[in-house]
Structures are given as C-alpha cells and as structure tokens.
Amino acid sequence: MRYERPETIGDATALLASAKGRAFVLAGGTDLLVRMKSDAFEADMVVDIKAVAGMSDISETADGFEIGAAVPCAALGEHAGLVAAWPGVVEAANLIGSTQIQGRCTMSGNLCNASPAADSVPALVAAGARVRIAGPDGTRIVPVEDVPQAPGKTTLKKGEFIAAILLPKPAQRSGDAYLRFTPRTEMDIAVVGVGVQLALDAKGVVETARVALGAVGPKVVLAEQAADTIIGTALDDAALEALAEACSAASNPIDDKRGTAAFRKHVAGVLARRAAKIAYERAGGK
Amino acid sequence: MSFDAEFRNQQFKSVGSRPLRPDGIDKVTGRARYGADFNMPGQLVGRVLRSPHAHARIVRIDTSRAEAVKGVKAVVTAADLPDLTNGDAELLHILDNCMARTKALYDGHAVAAVAAIDAKAAREALKLIEIEYEVLPHVVDVDAAAQSDAPLIDETLFTGGVEPKPAKPSNVANRSEFGHGDVDAGFAQADVIVERSFRTEQAHQGYIEPHACVASCNPDGTADMWVCTQGHFVYRQICADLLGLEVSKLRVTSSEIGGGFGGKTHVWAEPVALALSRKAGRPVKLVMSRDEVFRASGPTSATSIDVKIGARKDGTITAAVAHLRYTNGPYPGMWAELGAMTSFACYDLENVKTVGYEVLVNRPKVAAYRAPSAPMAAFAVESAIDELAGKIGMDPVAFRIRNAAKEGTKSSYGPVYGPIGIGPTLEAAQSHPHMSAPLGPNQGRGMACGFWFNFGGQTCTDLNVNADGTVTLAVGTVDVGGSRASLSLIAAEELGIAYDDVKAVVADTATLGYNDMTDGSRGTFSSSMATISAARNAIDVMRHRAALTWDIPVEDVVWEDGHAKARGENYGNLAPLSVKDIAAESGKTGGPIAGHSELVADGAGVSFATHICDVEVDPETGATRIIRYTVIQDAGKAVHPSYVEGQYQGGAAQGIGWALNEEYIYGEDGRLQNPGFLDYRIPVCSDLPMIDTQILEIPNPNHPYGVRGVGETSIVPPLAAIGNAISNAVGVRMSHIPMSPPRIRAALDGGAGS
C-alpha cells in the first residue's frame with residue numbers, strides 16, 4: 001500500500017487519478033483507519049489531504065462559509081461565527097463519535113463515508129450546503145444531497161475528492177436544528193436523524209423550510225413534501241403534526257440491528273417535530 | 001497446622017480503611033502489562049480462521065497454499081490437537097470449541113490457525129486456507145431449538161435427567177429440578193396467582209481487554225505462557241491436559257486483567273497458541289480482535305422462562321413455580337440448572353418447584369458471566385413478584401419482607417440458611433430516602449432482590465517477611481477487583497503492621513501451589529482466609545525467633561499490636577520486639593521468616609442484595625434514562641469499602657446495559673450481526689447516574705473477619721429492578737430483556753411487553 005501526502009490540490013487529484021487498484025482519501029481517518037483494520041479491507045493507495053493548502057481552514061466569505069475538507073468537527077464548535085450562523089450543523093458535527101473522535105473527524109469524511117446514518121449530512125442538506133469537488137478536470141460544485149448514492153457509495157468520480165463544504169449565509173430570521181435518536185447518550189450511531197432549517201417572515205410565519213432525514217433510507221432524504229407542511233404556518237400544533245406524518249411517510253427504512261422500520265418511521269416524525277420547534281425558536285419565532 | 005476460620009468480632013485497624021491500590025499507578029500511567037503487552041524474541045503472530053457458517057460439516061481442509069506463504073511458520077487444524085481427553089466429555093467439548101473437529105457449530109467457531117512472522121503474512125495465509133463446508137440447517141433461538149423438529153446440533157445427545165431415557169436425540173441436553181412441598185396444594189390456597197412468560201437475550205461480559213496470550217513451547221518439552229486470565233492454575237491444567245504436557249512443565253503467568261466477569265475462566269485461544277508454538281518452534285502471540293471476542297468467546301445464555309406464583313391476600317406466598325430454558329451454545333452445560341437453583345433463593349417458601357432445561361443452539365459456548373444465570377431468573381421471578389404485590393395491593397418491599405428467607409429457612413435449592421442478609425437489605429431499602437423521593441412525569445420506580453451462592457475453593461498463599469520488616473504477599477488468585485489492596489490490608493491487620501509495608505503480588509503457577517480461579521466471588525474471601533492463615537504461621541515463626549532472642553520458652557511469647565511480647569512478671573525488662581526488629585536479626589536467628597498456607601476455603605457465605613431504580617421513559621421514542629440507582633448489599637465485612645462499592649456499582653452498571661440495550665442479534669443466516677461495541681451497546685459513562693451504594697455487614701460465621709464475597713450479586717437484581725421501574729413508568733408490564741427503545745415503543749403501541 002502506498003501512502004502519499006501531497007501539498008497541492010493538483011497533486012492530490014493526479015495521484016488519485018493515476019492510482020491503480022483501490023485508492024482512498026484520508027482526512028481525519030476516523031472511518032478509514034477503522035476499516036483498514038478489517039481483514040476484508042484492501043487499499044492500494046491512501047492519499048492524505050491534510051497537508052494540502054486550505055484544507056484545514058474555515059473561511060467566512062461574502063457568500064457564507066467555506067470549510068476545508070480536513071477541518072475537524074471540534075474546530076467547528078470553536079468558530080463563533082459558524083456557531084452563530086449554523087448552530088444545527090455544528091451540533092450535528094459534534095454528535096459524531098466521542099470528544100476524542102471529534103478532534104479528528106471531518107464533515108467531508110462523514111459525507112464521503114456515505115453512511116445513511118451520518119449525523120452531519122442531514123443537517124448540511126437542511127442548511128442547503130454544497131460541496132466543492134476537486135478533480136483532474138477542475139472543480140465542480142454540487143449540493144450535498146447529490147454526493148451520497150447508496151450505503152458506502154458516492155457520486156465522486158475517479159480522481160475526485162471533496163475540497164470544501166460551502167455553507168450559505170443564513171437568511172434573516174432563520175434557524176436550523178438537528179436531532180438524532182440513539183439508544184446511548186453518545187458514542188453511538190443515529191437510528192434516525194432529522195435536520196430542519198427554516199426562515200420566517202416578519203410575522204413569524206414560516207416562509208421557507210428544508211427538512212432532511214437520515215438513516216431512514218439508503219441515503220439522506222430531502223423531504224420536500226414534509227417541508228411544505230410547515231411553510232405558511234406559525235408552526236402550530238396542527239402543522240407540527242402534519243410535519244411528523246409527512247416525515248414518517250417520507251421515511252423508507254429497513255429492519256436491522258439498530259431498530260425496526262416501524263420504530264424508525266415513527267421516531268422520524270417525533271424528531272422532525274422537535275427539531276422544527278428548535279429551529280423556529282432560533283429563527284426568532286415565538 | 002489446622003486453621004480456625006471461625007468469625008471473631010474485633011476492632012479493626014487496617015481492615016475497613018480505603019488506601020490506594022498498589023496497581024493503581026501502573027494502570028493510570030499505562031505501564032501495567034496486560035495480556036497483549038508481553039513479548040518474546042522471535043515471537044510470531046498467531047491468527048485464527050473462523051467459520052462463517054452457523055452450522056456446517058467440515059468436509060475438507062487444505063492448508064498447503066497457506067503454508068507456502070513467505071513468513072508463515074505453522075498452520076494448525078484440529079489434526080494438530082489430537083483428542084487426549086480420554087473419555088472426559090467436558091474436556092473434549094473445550095477442545096472442540098478451541099478448534100472445530102468435524103463440524104463448525106456456530107458463526108465464529110475456530111477451524112484453523114496460522115503463525116507467521118508478521119500480521120500481513122498471517123492475514124494472507126488465512127485467506128489461502130481452503131475449507132469445504134457442507135452447510136447444515138441451524139437454530140439459534142432457545143424455544144425453537146427445544147422443539148422436536150429443530151435441527152439437531154449433536155445427533156448423539158439424549159436429554160439427561162429424564163426417566164425413562166428418551167428414545168430420540170434432542171437439543172435439550174438436560175433437565176434439572178429443585179424445590180420442596182406441594183405446589184399444586186399451594187396454588188389451591190392462593191387468592192391471587194400471577195403467571196407470565198419472560199425472555200432475555202444473550203449478553204456478553206463486554207470486558208474491555210480482549211483475550212490475549214503469548215505461548216512458548218521449548219524443544220525440551222517445557223512451555224511457558226503469559227496470558228490474561230481469571231485463573232492461571234486452571235488454564236495450566238486444561239492446556240496441559242489438552243496438549244499432553246506434564247503440569248509441572250507448563251508455567252503460566254497471569255497478566256493484569258482488563259475485565260473478566262467470568263469470561264476469562266474458560267480457555268479459548270490458549271491451547272491453539274500452544275499448538276502453533278509447538279509446531280513452529282517459536283513463541284506465538286495470539287490476540288483476539290473484538291469481533292472474535294463477540295463471535296467466539298464469552299456470552300451468557302439467552303433464556304425463556306415461565307413463572308407462576310400464588311399468594312394469599314395477607315401477602316403470604318403459597319406456591320411458586322418456574323420453568324427455565326437457557327441456551328448453552330453447542331455444548332451441554334449447567335446454566336439452566338444454576339437459574340433453577342437461584343430463582344427463588346431470596347424467599348422462604350412452603351411450596352416451590354423450579355425446572356431447568358439446558359438447550360443447545362448454534363451460538364458460541366456459554367461462559368460464566370457474573371453470578372451466571374441468576375440475573376435472568378431474577379428478572380422473571382422479581383417481575384412476577386412485583387406484579388403479584390400490586391394485585392394484592394401491597395407495597396412491593398413490604399411484600400418481599402413478608403416472604404423473605406431468614407436464618408433457618410430451607411432454601412428453594414436445598415440447603416438451610418445460616419445468618420443471611422436478604423431481610424436486612426429489604427429493611428434498609430424500605431427506610432432508604434430513595435424509596436420515598438418524589439417522581440416526575442414519565443418516571444417510574446422499581447426495586448428487586450438478588451441472590452448468589454458465592455464460592456470458596458482451593459487456595460495457597462505465601463507470606464515472606466523481608467529483612468527490613470516489610471512483607472511480600474504472594475497469592476494465586478488473579479486480582480480482578482482490587483484484591484491485592486484488600487489482601488494487603490488483611491496481612492497488615494493480622495501482623496499489626498502498616499498497609500504500606502505489605503506488597504501483594506500474583507504469583508505464577510511455578511511458584512505457588514494450586515489455586516482455583518478468581519470466580520464465584522472467591523478472590524478476596526478465600527485468599528484473605530489463606531492470608532490470615534499464612535500471617536498467623538509467620539507470627540508463630542516470629543514468636544519463636546523472639547523466644548530464641550530472649551532465651552525464654554516460646555509459650556511465654558505472645559503477639560500483640562504487631563509486636564512479640566514476653567508474658568509474665570519475670571520478663572518485665574524485655575522491650576517488645578516489632579516485626580522490623582525480629583526481621584533485622586533473622587539471619588542470626590534461623591534465616592528467612594515466612595508463613596505459608598494451603599487450604600480449602602469452605603463456608604463462603606451466601607450473598608443477597610436489594611436494588612432500587614428510578615427511570616424516565618420518553619413515551620414518544622421509548623428511550624429510557626436511569627435517573628437514580630441505589631444498591632444495598634451485604635458484604636459480611638467490607639475489607640476495602642471503596643472496592644466493595646466499586647463491585648456494587650460495576651454489577652449495577654453491567655445490569656443496566658443488559659436491561660436496556662445489550663443483545664446478540666443474529667441474522668436469518670445464523671451469523672452474528674453486531675460483533676462490535678458500536679452495535680452491541682454497553683452503556684457509556686453518560687448513560688449512568690452516580691450509583692449510590694449502602695454496604696451492610698452481617699458477618700459470615702465461617703470467616704475470621706466475617707468476609708463474604710461481593711463481586712457477583714450486584715448484577716442479579718438490575719434487570720428486574722429496571723423492568724419494574726419501566727413497567728411502572730409506562731403502565732405496561734415489560735417481559736423481554738433488553739427493553740430497548742423499539743421494544744418499549746412496540747409495548748406502548750400493542751400493550752404487550754415484548
């Protein structure tokens with residue numbers, strides 16, 4: 001197995017593009033290193049992107065925030081501007097693993113690992129985040145929800161890797177929230193995760209909303225019909241009930257070791273209701 | 001010299017204090033050497049190949065391609081571990097479990113092993129071992145396996161304990177029955193009867209340190225092994241038997257142990273490591289991965305239990321019956337029997353009957369887990385008792401007090417009790433502030449009792465007084481819970497010296513006589529008895545040395561407060577001699593001073609506990625939080641109260657995990673779905689409240705200081721205490737462990753507790 005630590009995006013994509021066999025991008029390594037210990041895992045090349053310029057930076061731009069692919073989740077929680085703008089995204093990222101894991105793990109890695117249970121992904125999708133993908137033919141920008149394809153599979157092409165996550169500037173009177181269900185308080189993996197982002201008009205009526213569901217299908221679900229149930233409402237009980245029902249309906253989970261399908265559908269609704277209320281309060285709604 | 005173990009009440013100086021443990025610094029600084037921390041020159045990496053099938057006949061194994069891999073020094077299969085068990089079925093089962101002989105009996109069953117110069121070569125070799133399997137139908141569920149049409153795990157097995165002998169083989173290996181009186185007559189007298197079925201899923205001990213050993217077979221027929229174990233003498237005996245070694249030629253050294261809980265009382269990989277080393281001619285280190293630990297070592301039984309209890313309106317239980325079916329893995333054990341013995345041990349019953357059925361399934365061989373088999377039986381019985389108390393309108397604690405066993409009670413499993421602690425723990429619970437604290441919305445309180453036998457066993461100890469008067473204590477029971485500290489306190493107490501002047505070590509198998517392992521809560525009980533005996537023997541030696549120094553008859557020398565004192569008016573001018581004084585002169589008075597002890601520590605006092613638990617259940621998600629937990633248990637005498645409390649808290653913590661989330665989950669294919677800590681959910685710190693403890697001390701009459709074992713009983717009540725608390729919180733009787741969020745949600749939706 002070859003280990004490479006390029007210093008430019010060009011070198012990194014060239015290495016990945018020219019790799020024979022299976023090549024992997026290493027950022028925090030909290031998924032990859034665990035997989036590498038498994039007997040079933042074989043890698044021909046590992047490209048560590050932590051030395052690539054800009055990968056460890058969080059920058060505030062005119063359009064919002066740009067989060068380098070190697071920024072550990074713990075650093076997100078230490079960035080006051082990001083916490084103020086996207087508390088739901090930051091909370092989601094800091095639910096991953098444990099305190100120690102959060103010191104290494106990255107949102108880009110969480111996304112590329114392509115687990116349907118990834119905590120940061122529904123929050124990013126709800127926030128309308130996009131990713132900048134670097135590849136041999138240059139860069140392209142795609143919505144977060146278009147990256148995962150199926151469990152363990154992404155839409156990235158050979159030679160490509162995520163260079164940064166792009167979060168927009170939050171709209172006025174907006175808020176986001178992420179809640180997940182795990183049997184344990186921490187060091188666990190989401191049985192269901194729900195991200196909600198909404199913006200209010202001056203009267204406190206929901207103007208726009210995005211709802212994303214995790215761990216209820218092969219990939220993150222952007223539940224547009226669920227979002228529609230609360231748009232135009234002041235998030236009254238009827239709206240919350242409709243949201244819960246729509247989220248349960250949008251869920252297409254399986255029975256597995258982490259929970260039953262019926263349980264997941266039900267809890268998706270419960271968490272959507274609770275997350276929406278938090279987002280609504282954060283947006284200034286009363 | 002005979003040893004008088006009778007309890008004598010006394011004021012203690014060292015016993016009952018809370019000094020730091022001698023192994024603490026090493027453990028917190030990372031210097032402590034655990035199983036995988038031993039290394040030898042030329043050591044090879046051992047790896048085990050495991051069956052992916054739940055049940056399959058091994059048609060053919062071809063290791064030639066694996067042997068050809070560069071760096072591979074040995075490949076072993078069952079052919080390299082010939083059957084030397086000489087008709088001992090139990091030993092043959094251990095051998096077969098270490099390396100499948102004709103059939104793979106569960107997902108993870110070892111089928112071959114390699115030793116290579118590095119992990120890469122070993123891994124490559126594993127992939128090149130060719131095995132042709134004939135996959136057979138499998139069964140993993142306890143009730144399904146007991147059916148007459150279930151796939152047979154052992155075609156030669158006929159249910160034992162049944163007359164006449166059955167005509168057809170069965171997965172039910174044995175039936176056992178306990179009790180007394182006439183239960184039918186008892187139920188006829190009952191005003192209220194509760195009858196209910198319960199299930200518990202299979203749990204693993206979840207020790208943080210995986211099994212690990214280094215084995216080194218020498219060309220001269222001797223061998224050494226360094227291993228993480230709860231009992232190195234027992235490992236030595238079993239490994240010597242399986243490999244055809246003389247016991248004296250196999251020297252086993254136990255490492256520090258990162259948790260055992262019964263799971264390290266059984267050999268798994270050690271005979272395989274020895275066979276690899278023997279074949280390769282080099283030392284072999286074999287360390288299990290977590291996946292292997294889950295798939296191939298350890299777990300306790302999954303159970304299915306029917307309970308029926310009747311009582312009069314005044315609260316007297318008139319009859320109690322339990323039928324208990326326990327999975328054993330693929331080999332017969334006595335797990336249901338232990339469940340049947342412990343079921344009703346807390347109560348004074350006129351009519352009681354328990355029947356245990358040992359059920360073979362295609363799951364790993366069941367191993368002891370902290371008070372093995374008792375927690376599941378207690379879950380079923382204590383849940384039914386709670387329901388019964390509710391039906392006759394009695395407080396659950398008062399109902400239990402009314403029926404509690406006491407001194408003189410004939411226990412449900414036979415013996416008549418001496419002085420016991422069930423009544424006092426219940427009375428302490430009744431008056432504990434926890435019992436009357438207010439509860440909020442969605443909260444519920446539950447309580448339950450538990451029993452464990454405790455064990456004594458063979459013990460051998462050496463106590464050496466060094467020239468500077470400090471003492472080295474060599475014990476043969478592995479320290480799994482702070483016993484080196486406790487035994488140092490005991491030696492200090494008996495000799496009348498300071499705790500800091502005693503250093504306890506766990507000796508290897510070549511330097512002490514045989515010791516049973518640290519199981520049955522026997523470590524501190526039995527080794528403290530042997531330590532007291534050894535100390536008294538050393539005191540005798542020191543009295544003789546003082547007599548020699550003073551040139552007076554030894555009968556005139558007494559031992560008081562750590563000093564030899566001349567007794568009688570003629571010796572008024574003789575200043576008492578301390579241990580240090582006598583030790584300093586030992587070279588001139590007869591050489592080194594030592595006390596030795598070998599004994600069978602009989603009279604381990606039975607142990608009882610009562611637990612109280614408050615939970616809060618989120619009715620929308622089924623998530624349970626333990627918000628308050630109290631353990632009340634009889635310790636006889638708490639030698640080191642902090643470590644007694646640690647045992648109480650540890651048992652409760654493991655019980656909480658088992659009650660709420662831990663379970664083996666098998667797929668349709670019979671393969672384990674969750675062999676890792678991500679999906680086998682033991683609790684993390686933030687899942688637990690501070691677990692409050694209350695130590696009761698009802699002296700054990702058969703120990704000089706009144707000590708009882710304390711390690712196991714604390715895991716017996718939690719499943720039931722939490723089950724009762726959740727049932728009270730949600731208003732539905734929970735009957736299936738673990739009470740995971742999906743199960744609680746389903747119970748709330750459907751009204752049934754599973």
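Predicted model: local features only at pLDDT ≥ 70, side-chain atom pairs only at ≥ 80, totals over all residues.
## Basis

Local features need pLDDT of at least 70, side-chain atom pairs count only at pLDDT 80 or more, and totals for chains, interfaces and linings use all residues. Residues are numbered from 1 along each chain as its sequence is written, chains are lettered from A in the order written, and side-chain values use heavy atoms, without hydrogens or water.

## Domains 1 and 2 of chain B

Chain B is assigned domain 1 (24-32 + 456-601), domain 2 (35-136 + 205-296) and domain 3 (303-454 + 605-750); the bounds come from an automatic or database assignment. The C-alpha centres of domains 1 and 2 of chain B are 39 Å apart.

Buried area is the accessible area (1.4 Å probe) lost on putting two parts together, summed over both. Val478(B), Thr509(B) and Met517(B) supply 41% of the area domain 1 buries here, more than any other three residues. Three salt bridges cross this interface (Lys or Arg side-chain nitrogen within 4 Å of an Asp or Glu carboxyl oxygen). Glu256(B) and Arg484(B) form a salt bridge at 2.9 Å, N to O.

## Chains B and A

Chain B gives 26 residues to the contact and chain A gives 24. The buried area is about 2100 Å², with 48% from carbon and sulfur atoms. Arg123(B), Glu620(B) and Arg681(B) supply 29% of chain B's share, more than any other three residues.

Nine salt bridges span the chains. Glu620(B) also pairs with Arg273(A) in a salt bridge at 3.0 Å, N to O.

Note on methods:
Contact = heavy atoms within 4.5 Å.
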